[in-house]
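User: Can you walk me through this one? I have the sequence and the model open.

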Amino acid sequence: MYDSTHNPKVKQQNNMKDKVNTSVRALIIEDDNIDVELVDEYLSLEESDFKLEVETAGRLSEGLERLSKGDIDVVLLDLTLPDSNGLDTFIALHSRFSGVPIVYFPALTAANLPLRPCTWAPRTIS
């Protein structure tokens, strides 16, 4: 009797099914709705093995409040917000939620969105 579990193609298909069921919850902290739409559109262009769920906050204080509730896997952070500016924005977020990977954007524009993001993430990601 043939056991399909030893077939590499079947194993790969089963692994893909497991990955598709995995969801990643991202929080975009950005006060400009056009930039939020650009980031969301850019993220939706990529094929992935997971479901991406996006939430937004327009101020650092709103982002910190949302993060305190848990269930956020990654933060996309604008460094220029109404209630915080520059590296202080990153430090305020990272000091309270150092276990959450942060992708920060020095300046979000259509021209540099795919090219300029920088990341600082924990070394171990499960």
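Analyst: Let me start with Asp78, which sits in strand β3. The model is a predicted one.

User: Is Asp78 buried or exposed?

Analyst: Asp78 is buried, at a relative accessible area of 7%.

User: What does Asp78 contact, leaving aside neighbours within four places in sequence?

Analyst: Asp78 is in contact with Ile29, Glu30, Asp31, Thr89 and Phe105, once neighbours within four places in sequence are left aside. A polar atom of the Asp78 side chain also lies 3.2 Å from the backbone nitrogen of Thr80.

User: Thr89 came up. Where is Thr89, and what does it touch?

Analyst: Thr89 is in helix α4. Its relative accessible area is 0%, so Thr89 counts as buried, the cut-off being under 20%. Not counting residues up to four places away in sequence, Thr89 touches Leu60, Leu77, Asp78, Leu79, Leu81 and Ser84.

User: Which other residues of α4 are buried?

Analyst: The buried residues of α4 are Thr89, Phe90, Leu93 and His94. They cover an arc of only 115 degrees around the axis, which puts them on the same side of α4.

User: Why would that spacing put residues on one side?

Analyst: An α-helix has 3.6 residues a turn, so residues three or four places apart point the same way.

User: What is exposed on the other side of α4?

Analyst: Leu87, Asp88, Ser95 and Arg96 are exposed there.

User: Where does Ala92 fall?

Analyst: Ala92 is also a residue of helix α4, and it is partly exposed, with a relative accessible area of 28%. It touches Leu60 and Leu64, not counting residues up to four places away in sequence. Ala92 and Leu60 are 32 residues apart in sequence, and their C-alpha atoms are 8.6 Å apart in space.

User: Switching to aromatics. How many aromatic pairs are there?

Analyst: The structure holds 1 aromatic pair. It is made by Phe90 and Tyr104, whose ring centres are 5.5 Å apart with planes at 55 degrees, so the pair is tilted. Phe90 lies in helix α4 and Tyr104 in strand β6 (residues 102–105), so the pair ties together parts that are 14 residues apart in sequence. Phe90 itself is buried, with a relative accessible area of 3%.

User: Now the largest nonpolar core. Which residues touch the most other members?

Analyst: That core has 16 residues, and Leu27, Ile29, Leu67, Val75, Leu77 and Leu93 touch the most other members. The elements that give two or more residues to it are β1, α3 (60–68), β3 and α4 (87–96). α3 gives the most, with 3 residues.

User: What is Leu77 in contact with, beyond four places in sequence?

Analyst: Leu77 is in contact with Ile29, Thr89, Phe90, Leu93, Ile102, Val103, Tyr104 and Phe105. There is also a second, separate core of 8 residues, which includes Val36, Val74, Leu76 and Val103.

User: Which residues of α2 are buried?

Analyst: Asp35, Val36 and Val39 are the buried residues of α2. Seen down the axis of α2, they fall within an arc of 105 degrees, so they line one face of the helix. What covers them includes β1 (23–29), β2 (51–57) and β3 (74–78).

User: What about the face turned away from the buried side of α2?

Analyst: That face carries the exposed residues Asn33, Ile34, Glu37, Glu41, Ser44 and Leu45.

User: How far does α2 reach, and what caps its N-terminal end?

Analyst: α2 runs over residues 33–45, which is 13 residues, and reaches 18 Å from its first C-alpha to its last, close to the 18 Å expected. Asp32 caps the N-terminal end, with a side-chain oxygen 2.8 Å from the backbone nitrogen of Ile34.

User: Last topic, the whole chain. How many helices and strands?

Analyst: The protein chain comes to 4 helices and 7 strands, in the pattern α-β-α-β-α-β-β-β-α-β-β along the sequence. Of its 126 residues, 29% count as buried. Among contacts between residues at least 6 apart in sequence, 69% join residues at least 24 apart.

Definitions and conventions:
Residues are numbered from 1 along each chain as its sequence is written. This is a predicted model: local features need pLDDT of at least 70, side-chain atom pairs count only at pLDDT 80 or more; totals for chains, interfaces and linings use all residues. Side-chain values use heavy atoms; hydrogens and water are left out. The expected span of a helix is 1.5 Å times one less than its number of residues. Buried means under 20% relative accessible area, exposed over 50%, partly exposed in between (1.4 Å probe, protein chains only). The arc is that of the directions from the helix axis to the C-beta atoms. Contact means heavy atoms within 4.5 Å. A polar contact is a pair of N or O atoms within 3.5 Å; within protein, one must be able to donate a hydrogen and the other to accept it, and residues adjacent in sequence count only if both atoms are side-chain atoms. A nonpolar core is a set of buried Ala, Val, Leu, Ile, Met, Phe, Trp, Tyr and Cys residues joined through side-chain atoms within 4.5 Å. Rings of Phe, Tyr and Trp (its six-membered ring) pair if their centres lie within 6.5 Å; planes under 30 degrees apart count as stacked, over 60 as edge-to-face and the rest as tilted.
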